[in-house]
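Please look over the sequence and the model before reading on.

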Amino acid sequence: PTCELTYKNAKAVLCGSRRLGLIKYVMALMNGARLGIAAQSVGVSELAYREALAYARDRKQFGKAIIEFPAVYEMLSVMKAKLDASRSLLYACARYVDIYKIYDDLAKDRSLTPEERKESKYYSRLADALTPLAKGMGSEYCNQNAYDCIQIHGGSGFMKDYACERLYRDARITSIYEGTTQLQVVAAIRHVTTGTYLNLINEYNSEEIKPELQSLKDRLVAMTERYAKAVEAVTAVDDSAYGDFMARRLVEMAGVIVMSYLLLLDANRNENFKRSAEIYTNLAEAEVCKHADFIANFKPAEVEIYKVN
Ligand SMILES: Cc1cc2nc3c(=O)[nH]c(=O)nc-3n(C[C@H](O)[C@H](O)[C@H](O)COP(=O)(O)OP(=O)(O)OC[C@H]3O[C@@H](n4cnc5c(N)ncnc54)[C@H](O)[C@@H]3O)c2cc1C
């Protein structure tokens, strides 16, 4: 059971300093909790994939294991790619959090040098930018993987006989608590408009990669150009309702490109990631095209027809 708590005339002691409540303490608390839900989402996604894989190997229809049907193995491969992408994003985000927190700890004992302060600020900004992406997109992928896990189980997935039925309920809360996906977009959009994501993508792009991964990287460069153009087109219009209307599309474009780069860099270090990098890039490319086309073909005044009273 979940309920609201109300305190009346309760004795209270001020924790921390005045004026830092919302900006520093609440945001730090929220980002910490959101990273936790991003991790929970990856965990549920992983189990959804394992359950689906095991069932698809075991279940026979029309004389063969269902894993041999393209419709089923495509679902499984896309589940794995989303899982690997959301895990890579989670780890990247957690690394950035670790670095700036180390500087926070150091600053308790001595004052930081100007370079340390600069680096701390840089990683704190990246952590702030990647947390809503990891939570928002990781939880949506977790929901999609739980859905596909049930689909692969067919009618059995709907019953309580298999773990996937519970996984589906476990997944559903991840895109709601600690801020819904829509609120993650509200947190992420300023990193679209201020260029944090684009700068990070350009940094990832500057890393050397093996020649056999170059064609994948070229596709990511083309996706980034479409993203940058879409951001320019939306921000050029001085209309906050239109900006809010397009925000999720822009954040998702940034998210899929960041995750594609992370998987590319994973594949560069370890070839076990190559398959997911390729499959995820196919998915990401289609997402970027879909959103870029929608933005290019949409007139700001059309937002009106979506309004519901
Ligand atoms: C199982 C469970 C455990 C929970 N545990 C805790 C807990 O321990 N502590 C705690 O404090 N809370 C807890 N919560 C509350 C939880 O964090 C909130 O339910 C959640 O953040 C969503 O807020 P809300 O329910 O008020 O939805 P609302 O804010 O009313 O949202 C309703 C809809 O409107 C959309 N929406 C709202 N504002 C905007 C906006 N600005 N832009 C775009 N869309 C918007 C939302 O995305 C959503 O689709 C828990 C909830 C559940 C279900």
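## Terms and basis

A polar contact is a pair of N or O atoms within 3.5 Å; within protein, one of the two must be able to donate a hydrogen and the other to accept it, and residues adjacent in sequence count only if both atoms are side-chain atoms.

This is a predicted model, in which local features need pLDDT of at least 70 and side-chain atom pairs count only at pLDDT 80 or more, while totals for chains, interfaces and linings use all residues. Residues are numbered from 1 along each chain as its sequence is written, and side-chain values use heavy atoms, with hydrogens and water left out.

## Two domains and their interface

The domain assignment of the chain, with bounds that come from an automatic or database source, gives domain 1 (21-174) and domain 2 (181-306). Their C-alpha centres lie 18 Å apart, and 27 residues of domain 1 are in contact with 27 residues of domain 2, where contact means heavy atoms within 4.5 Å.

Between the two domains about 2300 Å² is buried, with carbon and sulfur atoms giving 64% of that area; buried area is the accessible area (1.4 Å probe) that two parts lose on being put together, summed over both. Of the area that domain 1 buries against domain 2, Arg-125, Leu-133 and Met-137 supply 19%, more than any other three residues.

## Polar and charged links between the domains

The count between domain 1 and domain 2 is 12 residue pairs in polar contact, both residues being at pLDDT 80 or more. On the side of domain 1 that touches domain 2, helix 2 (70-109) and helix 3 (114-153) each supply at least two residues, and helix 3 gives the most, with 14 residues; helices here are DSSP runs (H or I, at least four residues), numbered from the N terminus.

There are also 2 salt bridges between the domains, a salt bridge being a side-chain nitrogen of Lys or Arg within 4 Å of a carboxyl oxygen of Asp or Glu. Arg-248 forms a salt bridge with Glu-140, and their closest N and O atoms are 3.9 Å apart.

## The ligand's surroundings

An oxygen atom of the ligand is 2.7 Å from an N or O atom in the side chain of Thr-180, and a polar side-chain atom of Gln-182 lies 2.9 Å from an oxygen atom of the ligand. For Glu-178, a polar backbone atom is 3.5 Å from a ligand oxygen atom.
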